[in-house]
Amino acid sequence: MADPIEPVEPNAASETKEEVREEVLVRRARRGDLKAYDELVKRYQERIYATVYHMTSNHEDANDLAQESFIKAFQALSSFKGGSSFYTWLYRIAVNKTINFLKQRKNRLHMSLNDLDFNAEHDPDLMALISHKTPQRDAGLSELQEKLNAALMKLSEPHRIVVVLHDVQGQSHEDIAKVMDCNIGTVRSRLFYARQQLQSELADYLK
Amino acid sequence: MNEQEANFEALGRLLALKRHEVPPPGYFNNFSTQVITQIRLGETAKDDGPFGRLFVEAPWLLKFIRVFEAKPAYAGAFASVLFLLLVAGIVYSNNPDVATETFVPAASASTSSSGSASLAAVNTGFLDQSMPQTSGLVSSTNPVLSLEPSSSPFGGQNPLLQPVGFTR
């Protein structure tokens, strides 16, 4: 019978206790405690899903890949040495799985985009992009969304992942280097090159 | 350089649109439950689908299917070959004698004259039931006709059929 999950301390001095708690959960999950692993899944599901979704621009694929990543991570927990955080390790699994998936079906990618949330229509920066800067076109947010995703899909997988992790998800160069298992210089140069490509693809919206 | 940085800022604002793309409402409510359920069921990979065990036992089959997924033209060619084989099988099963008749004369034409005579005898023999079969050899192409008891010249008994007793 699995041990019950320890209650979360609400006023925990943030990161340290958070990390400890993660370690506890990982240790329990490694022993086969699915309740502990359920807690870990709930903690990271949104970030993992978002990363995979931004890489594939397809909700159904992102759903499958995110679930498979969590399943694979659970099965490989015994090989997790704790050299990095569980989150970084999990991220690496999801990113590698997604890149392999994209390589396999390179020639038949299709987008299945999620809807924009309510806040998008009230974002002054976005509204400026479609109204003031491009008055000559009747561009709506959904059209802009399609153009942006199409431009992202034209990037190679290593360049796309760097843009997604840094510019969309706000991760640091150091964290991205850990996830991608490369040095920070590589991350910076990929980011620069990817941005240049995106600029030329989306020039109409950036004038 | 400044212009480029400014452009990067504009690009950053545009990329912020991605953060507003959200999955259907309530999507994450059941996400972890689905993951845990799949782990419990031992579904190692969603790719495997309902044939998971089959793919685990025969991984080459999964590779085969993935090749078809990657190159649909291969799947079309494979399906065409299967279809042609199926049609050929149906045609052949409906007209087995036609295939035999067309084959035997072609074979007999390439043999000597005496050989042609014997082959012709065989060719007509398994259809002509009044002909005695002294050698005891029967063409394997038509065994059912040659085993008909009523067609035997030996008083209604076929020499190829021997009574068998199961008691000692």
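I started with Tyr37(A): leaving out residues up to four places away in sequence, this residue touches Ala29(A), Phe70(A), Ala73(A), Phe74(A), Leu77(A) and Phe86(A), and also Val35(B), Ile36(B) and Ile39(B). Contact here means heavy atoms within 4.5 Å.

I noted the ground rules next. This is a predicted model, in which local features need pLDDT of at least 70 and side-chain atom pairs count only at pLDDT 80 or more, while totals for chains, interfaces and linings use all residues. Residues are numbered from 1 along each chain as its sequence is written, and side-chain values use heavy atoms, with hydrogens and water left out.

I looked up the largest nonpolar core and found 67 residues, of which Tyr37(A), Ile48(A), Phe70(A) and Phe86(A) touch the most other members. Such a core is a set of buried Ala, Val, Leu, Ile, Met, Phe, Trp, Tyr and Cys residues joined through side-chain atoms within 4.5 Å; buried means under 20% relative accessible area (1.4 Å probe, protein chains only).

I then turned to the interface, where 34 residues of chain B are in contact with 52 residues of chain A. The two chains bury about 4200 Å² between them, 64% of it on carbon and sulfur atoms. Buried area is the accessible area (1.4 Å probe) that two parts lose on being put together, summed over both. On the chain B side, Leu14(B), Lys18(B) and His20(B) lose the most area to chain A, together 16% of what that side buries.

I checked for salt bridges across this interface (a side-chain nitrogen of Lys or Arg within 4 Å of a carboxyl oxygen of Asp or Glu); the rule finds zero.

Note on methods: Chains are lettered from A and ligands numbered from 1 in the order in which they are written. Buried means under 20% relative accessible area, exposed over 50%, partly exposed in between (1.4 Å probe, protein chains only).
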